[in-house]
Amino acid sequence: MTRASEERAARPAEPLAGLVWPMARGAEALEALARSAGLPLPRTRAKVVGQAPTDPNRLGEWLDAAAQSQGLELDLAYTRHGEVEKALLRASPALLDVVTSEGVQVAALLRVSASGRTARVIAPDETERDVPLAWLTSGVQALVEGTQASTVDRVLSRAAMPEPQRLLARRALLGAQLANTHLVASRTLRLPPGARLVHHLKALSTAPRLALVLVLAILIQVCVLSAWWLIGRGAFEGQLDHGWLWAWALMGLTAVPLQAALAWTQGSLALDLSALLRRRLLAGALAMPVDEAKRGGIGEYVGRTFESAGMEQMALAGSFTSLLAVVDLTLAGSVTLSGPAGMLGLVALGGYCVLLGVLVARQSLLFRGWTEARVVMTHALIERMLGHRTRLAQEQPSRWHEEEDQELARYSDASERWDAGTARVTTLARRGLLPVAIIAILPGVLAGANTASIAVGVGAALLGARAVMSLAVGALALMGSRVLFSAVRPMLDAARLSGAAGDQDGEDAAPQVTPLAATEAPSRSQALLEVRDVYFKHPASPRAVLEGASVVIHPGERVLLEGASGSGKSTLASILTGLRRQGSGVVLLRGLDMSTWTQDGWGAQIAGAPQFHENHIISGTLAMNLLLGRAWPHTQDDVKLARELCEELGLGDLLQRMPAGILQMVGERGWQLSHGEQSRIFVARALLQRVQVVVLDEAFGALDPVTMRKVMACVEQRAPTLIVIAHP
């Protein structure tokens, strides 16, 4: 009998009784789990507005927003039915949706044991309990077993199998039936990428791990110096017996596991910091203001991507190299003081480091010029590749190479200056200190220092030369990362600002948030959406696009916004849908300001179909493109609703032509869609998001009159409240 079957056979009828939280207390479970896991709670005084929904399909949305109210986030882990246990092994700390006799409840998973047999959970009384991991696995898998479980149980009841074999057979049959069924295995609790950096560093235990790196580096150097002291003392005193040799060998062997521990600690910390940096860069790229994101071309963003990778590598490598070099330099200074050079040697060591610091600072100018030349060349290359056909038609072939030659010449010149400067710095760092240290030793030698003292001075010089070389390499890397930082700073600033609401100036008080959008609309006498005196101006524009814009929209209304090109219609639509923040004025949804809502909460109430050139078909299935606003994995009901909506929008013929129907791959590598088909997919995507307000920005321009009437009839029927933007 396997371990899993033994645990299942031994457990009671309701194994998770008293260990899981009711869904209504999900926010309490989240906070208790965060405290037990040692995660910082940036918003300890935030209040959650609203109760847990009765619709099971919206429980995840409510938990996500409850996490946002505490300054945290839940990272969903999707997996297949048969791989839930593997997913749980690496999920903690996490909230798990489990099925019990009381329905869907929440388990607060704190950690999984090293053996993978047991898991520690936070019970509703906030005590920690150890339970078999198989219990949690079964509870999560039951989310998708549904009618399959009852069918399998009926089959097994007729087989009259004994209990242990029956459990194994049940698990095997369910696994075969649900092999390709996906579900949310866990919701890992973590800080959002835009949270304050100090909170992220605290969650990663950065300070203790750095302290461990320093301690290990010091111990390694102590072992090395002790080994050389032992062998040197024995050699100079003429007493190199077996005891001295054994002590020397022991010190050398002790340094080996210490070096391995240092490499592991440094590597794991570097990986965690690298992952944090990449998460912040990605979050910043997604959170950048629309106007800022549009300002650069594709070549600029490719260049930023390259620079971010270089900055990450140089910052991490330079930081650790410089840190270890400082340890070596400190020990070299202490050894120098005990040698014949004394204070003079220490002054020479410090002065040489200052000289190298000046040269490294000068290198920053050369590195900046080299970087700018490289970025310009990358940007130009990408733009020319995208506009290759236009260039073929408009530019003489004899002149194609002129700009490239100039850019290559500038890059080559900047590269030569940078390489020459770097060679000077590294050569001086590698070879320059040793003669200086020997000169500093000469007064002591002339004063009659003994042989052992001279050997100590030479050893200190060698140790100092190695430390200075490492310090120069680390300083060059840090200098380079500082230069590259300017390319990715807009993304990092956007990530920081996206997580700064309610957490500015060290305050942990946050505004109340509505964690879940209400499914029912307010009464028609109440305003659903209010815009009061909104003012907006693009950063590079001399005049405002919107001045004093005001509108009040009640539930169920159909509003048409008309205006000439450039009158601010699309800008107002982007403000209503949350893509832009108004410069001044008030935008209220259900009486609450935009800053009061979570980003997901606002988006769950208002959906839009932007203009065609600002909307996109993603390479994937048609169902995925239609259901982007719904939870993943899609349910059968979601897919059925999407298919029905396509029929109403006149896309039925398209589905019939596609070999896989609504599951056909579309986009760059899949089925090619016409302009009108894409426009209707954008409309369907907005209607399928279960929102109260639908904003359509010139969504019917590519449709013929017959199709447009069909689409308008569908939109009129499906949209609870509708705003249509069009030219007069």
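**Aromatics first**

Modeller: One aromatic cluster is formed by Phe367, Trp370, Tyr411 and Trp418. Keep in mind that this is a predicted model.

Colleague: How many aromatic pairs does a search of the whole structure find?

Modeller: Four.

Colleague: Take phenylalanine 367 and tryptophan 418. Why is that pair edge-to-face?

Modeller: The ring centres of phenylalanine 367 and tryptophan 418 are 4.9 Å apart. Their planes are at 65 degrees, and over 60 counts as edge-to-face.

Colleague: Which helices do phenylalanine 367 and tryptophan 418 lie in?

Modeller: Phenylalanine 367 is in α12 (residues 342–386) and tryptophan 418 in α14 (residues 400–446), so the pair ties together parts 51 residues apart in sequence.

Colleague: Is phenylalanine 367 buried or exposed? And tryptophan 418?

Modeller: Phenylalanine 367 is buried, at 3% relative accessible area. Tryptophan 418 also counts as buried, at 11%.

Colleague: What sits over the ring of tryptophan 370?

Modeller: The charged end of arginine 374, 4.7 Å from the ring centre.

Colleague: Switching to cores. Which residues of the largest nonpolar core touch the most other members?

Modeller: That core has 38 residues, and the ones touching the most other members are Leu622, Leu626, Ile662, Leu687, Val694, Leu696 and Val715. Elements giving two or more residues to the core include α19 (636–648), β15 (693–697) and α22 (705–718). The largest share, six residues, comes from α21.

Colleague: What is leucine 687 in contact with, leaving aside neighbours within four places in sequence?

Modeller: Leu645, Val694, Cys714, Val715, Arg718 and Ala719. Another core lies apart from that one, with 31 residues, among them Met311, Ala467, Leu476 and Val483.

Colleague: Now helix α2. What should its 12 residues span?

Modeller: At 1.5 Å a residue, α2 (residues 26–37) should span 16 Å, and its end C-alpha atoms are 16 Å apart, so the two agree.

Colleague: Which residues of α2 are buried, and what covers them?

Modeller: The buried ones are Gly26, Ala29, Leu30, Ala32, Leu33 and Ala34. Their cover includes α3 (59–69), β1 (73–80) and β6 (182–190). Glycine 38 follows α2, with a positive phi near 80 degrees.

Colleague: Last topic. Where is confidence lowest and where is it highest?

Modeller: Lowest in α1 (residues 3–10), at a mean of 41, and highest in β4, at 93. The chain mean pLDDT is 81, with 87% of residues reaching 70 or more. Residues 1–13 stay under 50, and residues 501–512 are below 50 as well.

Notes
Residues numbered from 1 in each chain as written. Predicted model: local features only at pLDDT ≥ 70, side-chain atom pairs only at ≥ 80, totals over all residues. Heavy atoms only, no water. Helix = DSSP H or I, 4+ residues; strand = E, 2+ residues; numbered from the N terminus. Expected span 1.5 Å × (residues − 1). Buried < 20%, exposed > 50% of the residue type's maximum accessible area, 1.4 Å probe, protein only. Contact = heavy atoms within 4.5 Å. Core = buried A, V, L, I, M, F, W, Y, C linked by side-chain atoms within 4.5 Å. pLDDT = per-residue confidence, 0-100. Phe/Tyr/Trp six-rings, centres within 6.5 Å; stacked < 30°, edge-to-face > 60°. Lys NZ or Arg CZ within 6 Å of the ring centre and 35° of its normal.
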